[in-house]
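Reader: I'm new to this structure, and I'd like to know where the labels come from. Could you take me through them?

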Amino acid sequence: MNSPFEDPSPHWGETSSGETRAPQLRKLGDLQKTITMAQIAKAAGVSQGAISSLLNDRDYGIRVSEKTRERVFKVCREMGYIPNDLRAVVRMYPELGDFCLLFSASIPGGVTHPFLGRIVQGAMDAVSDPSHPITIGSYTDQADYGSADPDNFPHPIASGVASKLLCFGPTNLSLMQLLLRRGSPVISLGTEVPVPGVLSLVPDYAMASQLAVQHLFKLGHEHIAIVSGPFGTTDQQTLELHRGVKLAYDDFGISIEAQNIVYGDLSYAAGASALDDLLSHPVKPSAIFCLSDTAAAGVLMQAQARGIRVPEELSVVGCGDDFCSSMVIPGLTTAHLPAEEMARVGICEIERLVREPLATEPRKQILSVRLIERSSSGPVPPKLG
């Protein structure tokens, strides 16, 4: 794509449908001399104050509707107007903006979190144009960005040069609405957001847990323990993983043993603690399915500390296929959640969507999962004694 800051070809700004976003451009200096705010205001049928509000992304006491914003920017593009401020250029020509990955500040460890780290890597690999880098920032789950001062927005949003937006973590609706009001489509990674203008890319969590538990049933295990997330959680991913567990039990006509469900934060320590708890039961499980690889690693290490052989005496299966799953001993059998693939699809989709009008309906795309069999799972052990 040619830059608007150089003398462009006759097809500069052409969309995928063939419509040009601006006429043939002469030198930027000539355009700035011949196109004034008054001319734009007259052509768009709005006040100059409304145009200033749009270009500067400030209220100024003037409420500008989405329809008016689209009309003004369409007029500006047709006239070939290029603002002096880079932020205004990005608002008017969002296809020229940078990529931005926003993640929830509540995610433990931030970008060092295993799953988020995989998303970041996948997104960076997918950005092919070095002149449009990807910016990474965080948002607060409960913040009201609708009433916040623009200077208190997440930094990549406050800077105004990012227009290709991907979000990961619990949904902040006020943030989504802020981005959509600016005319920027949003990709939600891992969480379904039923808001028009948002495309949700979601791994098939239910299938992931269903495959993991079915795998253990096929190996002959009937007393399977589940290391789950916090009790009473409303987290979408955890609820879908629970649904997949139930589907697997229903498929095999086996009842879930409530005493074999251990709740926690799915951390390494929670996995180790869960094994100690489960081993105190009169009927001990022969297999454990953990809703995260980190918790599964904790189970494996605690089993080793207690002299329990895996998988000869206990099978352990995780969920995620994070980097630790292939590094622990024995290698962890796990359900692969497509973090890198999800990020790559997100980058490709946002590059396309930013060139189109905002969707009037929310959209969701489910990404396939698969089971990765390693050394931590095996047939049910023979009864002792």
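Author: What follows goes through the sheets, the helix pairs and a few backbone details. This is a predicted model, where local features need pLDDT of at least 70 and side-chain atom pairs count only at pLDDT 80 or more, while totals for chains, interfaces and linings use all residues. Residues are numbered from 1 along each chain as its sequence is written, and side-chain values use heavy atoms, with hydrogens and water left out.

Reader: What makes β2 and β11 edge strands of their sheet?

Author: Start with the order, which is β2-β1-β3-β4-β5-β11 in an open sheet of six strands with parallel pairing. Strands (E, at least two residues) and helices (H or I, at least four) are DSSP runs, numbered from the N terminus, and two strands pair if DSSP finds at least two bridges between them. β2 (134-139) and β11 (363-367) each have a single partner strand, so one side of each has no neighbour in the sheet. On average, neighbouring strands here are turned by 25 degrees against each other, direction ignored.

Reader: How do you know that β3 and β4 pair?

Author: Four bridges link β3 to strand β4 (residues 186-189), in the parallel sense, and the cut-off is at least two. So they count as paired. Within this pairing, Phe168 sits opposite Leu189 of β4. Helix α8 (residues 173-181) packs on the sheet too, touching β1 (98-104), β2, β3, β4 and β5 (198-203). Its direction makes about 150 degrees with that of β4; such angles run from 0 to 180 degrees between N-to-C directions, with axes fitted as lines to C-alpha atoms, for helices over the stretch in contact.

Reader: What is the strand order in the sheet with mixed pairing?

Author: That open sheet of six strands runs β7-β6-β8-β9-β10-β12. β7 (261-263) and β12 (370-372) are the edge strands, each pairing on one side only. From one strand to the next, the twist averages 20 degrees. Inside the sheet, β6 (residues 224-228) and β8 (residues 287-290) run parallel and are joined by four bridges, with Val227 partnered by Cys290 in β8.

Reader: Which helices touch this sheet?

Author: Among them is helix α9 (residues 205-218), which packs on the sheet and touches β6, β8, β9 (315-320), β10 (333-336) and β12. Contact here means heavy atoms within 4.5 Å. Helix α11 (residues 268-279) lies across β6, β7 and β8, at about 145 degrees to β7.

Reader: Why are α6 and α13 called oblique?

Author: Their axes come within 7 Å and cross at roughly 40 degrees. Angles under 35 degrees count as roughly parallel, over 145 as roughly antiparallel, 65 to 115 as roughly perpendicular, and the rest as oblique. The pair therefore counts as oblique. Helix α6 covers residues 114-126 and helix α13 residues 339-353. Residues that meet there include Phe115 and Ile119 in α6, and Met342 and Ile347 in α13. The contact divides into eight nonpolar, one polar and three charged residues. By class, Ala, Val, Leu, Ile, Met, Phe, Trp, Tyr, Cys and Pro are nonpolar, Asp, Glu, Lys and Arg charged, and the others, Gly among them, polar.

Reader: What makes α11 oblique to α12?

Author: α11 and helix α12 (residues 293-305) pack at an angle of about 50 degrees, with axes 6 Å apart. That angle makes the two helices oblique to each other. Tyr268 and Leu275 are among the α11 residues in this contact, and Val299 and Met301 among those of α12.

Reader: Why is the pair of Phe115 and Phe168 called tilted?

Author: Rings of Phe, Tyr and Trp (its six-membered ring) pair if their centres lie within 6.5 Å, and planes under 30 degrees apart are stacked, over 60 edge-to-face, and the rest tilted. Phe115 and Phe168 are 5.9 Å centre to centre with 35 degrees between the planes, so tilted is the word. Phe115 lies in α6 and Phe168 in β3 (residues 162-168), so the pair ties together parts 53 residues apart in sequence.

Reader: Where are the cis peptide bonds?

Author: One joins Val310 and Pro311, with omega about 10 degrees, and Pro311 is in the loop between α12 and β9. Another joins Ile329 and Pro330, with omega about -5 degrees; Pro330 lies in the loop between β9 and β10.
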